[in-house]
Amino acid sequence: MKHLIAAALLSLLAACSLPLTAPQADITHTLALPAQASIPLAIPVGSTIQVATPTAAPGYDTAAMAYRPSAHELRYFARQRWIDRPARLFGQALMDGFSAGGARVLAPGSGVRADYRLLSELLQLEQDFTRQPSRILLSVRLQLVDVGKRRVLGSRTLRLEQAAASDDPAGGVAAANALVQRAVVESAGFCRELLGN
């Protein structure tokens with residue numbers, strides 16, 4: 001019995017002497033337009049547009065970064081996260097881009113009635129590892145509404161993809177940011193086509 005107790009004490013002392021390592025913190029990434037992004041004017045001069053807060057399809061309403069290892073499996077990187085839910089970040093990118101293009105943009109909940117409202121839903125944002133090199137897939141459903149006439153002017157689904165420079169989260173983040181800029185440019189083009197400006 002004394003031998004067992006001594007062995008247990010030695011094991012405890014050995015465990016206490018092991019070097020302690022701090023748990024690794026999550027790595028957060030931005031998803032936004034570059035400061036010099038060139039976005040065309042989305043609506044006629046003098047009119048206003050409200051960008052409604054985008055919604056997200058199931059599986060994508062989270063700040064966790066999603067990736068697809070196989071056709072029917074969606075996973076999330078353990079320590080890689082967006083700074084906010086991607087749908088909210090895309091909504092901010094739309095407002096920033098439309099404003100940079102010269103449009104008069106009203107934020108959601110501003111209390112002022114806009115001439116037009118842009119609704120959007122994030123359908124997909126993931127790094128697809130079923131192909132090599134991996135690719136970022138971004139899909140967004142858009143709907144433009146004439147607020148005064150209470151009429152839907154048109155709908156469109158954007159399905160964009162871009163190869164990642166590297167098969168890791170860093171490569172995916174860079175490709176996702178490039179795709180967001182393309183999505184904002186195409187969203188502005190969608191509005192321009194419907195409004196004839």
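Two residues are in contact when heavy atoms of theirs lie within 4.5 Å. Keep that in mind for the views below, which come from a predicted model.

**View 1. Thr48 and the residues around it.** Thr48 sits in strand β2, which covers residues 48-51. Leaving aside residues up to four places away in sequence, Thr48 touches Ile43, Arg104, Leu106, Arg113, Ala114, Asp115 and Tyr116. Is Thr48 buried or exposed? Buried means under 20% relative accessible area, and Thr48 has a relative accessibility of 10%, so Thr48 counts as buried.

**View 2. The whole chain, for orientation.** Step back for a moment to see where the close-ups belong. The chain has three helices and nine strands, and along the sequence they follow the pattern α-β-β-β-β-β-α-β-β-β-β-α. Of its 197 residues, 41% count as buried. Among the contacts with a separation of 6 or more, 68% are between residues 24 or more positions apart. The chain exposes about 10900 Å², and carbon and sulfur atoms supply 55% of that area.

**View 3. Tyr67 meets Phe77.** The structure holds three aromatic pairs, and one of them is shown here. The ring centres of Tyr67 and Phe77 are 4.5 Å apart and their planes stand at 25 degrees, so this pair is stacked. Tyr67 belongs to strand β4 (residues 64-70) and Phe77 to strand β5 (residues 73-82), so the pair ties together parts that are 10 residues apart in sequence. Tyr67 is buried, with a relative accessible area of 16%. Phe77 also counts as buried, at 16% relative accessibility.

**View 4. Phe77 meets Phe129.** Stay with Phe77 and look at another of its ring partners. Phe77 and Phe129 form an edge-to-face pair, with 6.4 Å from centre to centre and 85 degrees between the planes. Which parts does this pair tie together? Phe77 lies in strand β5, while Phe129 is in the loop between β7 (116-128) and β8 (135-146), so the pair joins parts that are 52 residues apart in sequence. Taken together, ring pairs link Tyr67, Phe77 and Phe129 into a cluster.

**View 5. The largest pocket.** This pocket has a volume of about 150 Å³. Its lining is made up of Val51, Ala52, Thr53, Pro54, Asp84, Arg88, Leu89, Gly91, Gln92, Met95 and Pro108. Which element gives the largest share of the lining? Helix α2 (residues 86-100) does, with five residues. By type, the lining residues divide into six nonpolar, three polar and two charged.

Technical notes:
Residues are numbered from 1 along each chain as its sequence is written. This is a predicted model: local features need pLDDT of at least 70, side-chain atom pairs count only at pLDDT 80 or more; totals for chains, interfaces and linings use all residues. Side-chain values use heavy atoms; hydrogens and water are left out. On a 1 Å grid over the protein atoms alone, a cavity is a set of points where a 1.4 Å probe fits but cannot get out, and a pocket is an open set with protein on both sides within 12 Å along at least five of seven lines; lining residues have an atom within 4 Å of a point. Grid points are joined across faces, edges and corners, and a volume is the space filled by probe spheres set on the points. Helices (H or I, at least four residues) and strands (E, at least two) are DSSP runs, numbered from the N terminus. Ala, Val, Leu, Ile, Met, Phe, Trp, Tyr, Cys and Pro count as nonpolar, Asp, Glu, Lys and Arg as charged, and the others, Gly among them, as polar. Buried means under 20% relative accessible area, exposed over 50%, partly exposed in between (1.4 Å probe, protein chains only). Accessible areas come from the Shrake-Rupley method with a 1.4 Å probe; for residues, only the protein chains shown count as cover. Rings of Phe, Tyr and Trp (its six-membered ring) pair if their centres lie within 6.5 Å; planes under 30 degrees apart count as stacked, over 60 as edge-to-face and the rest as tilted.
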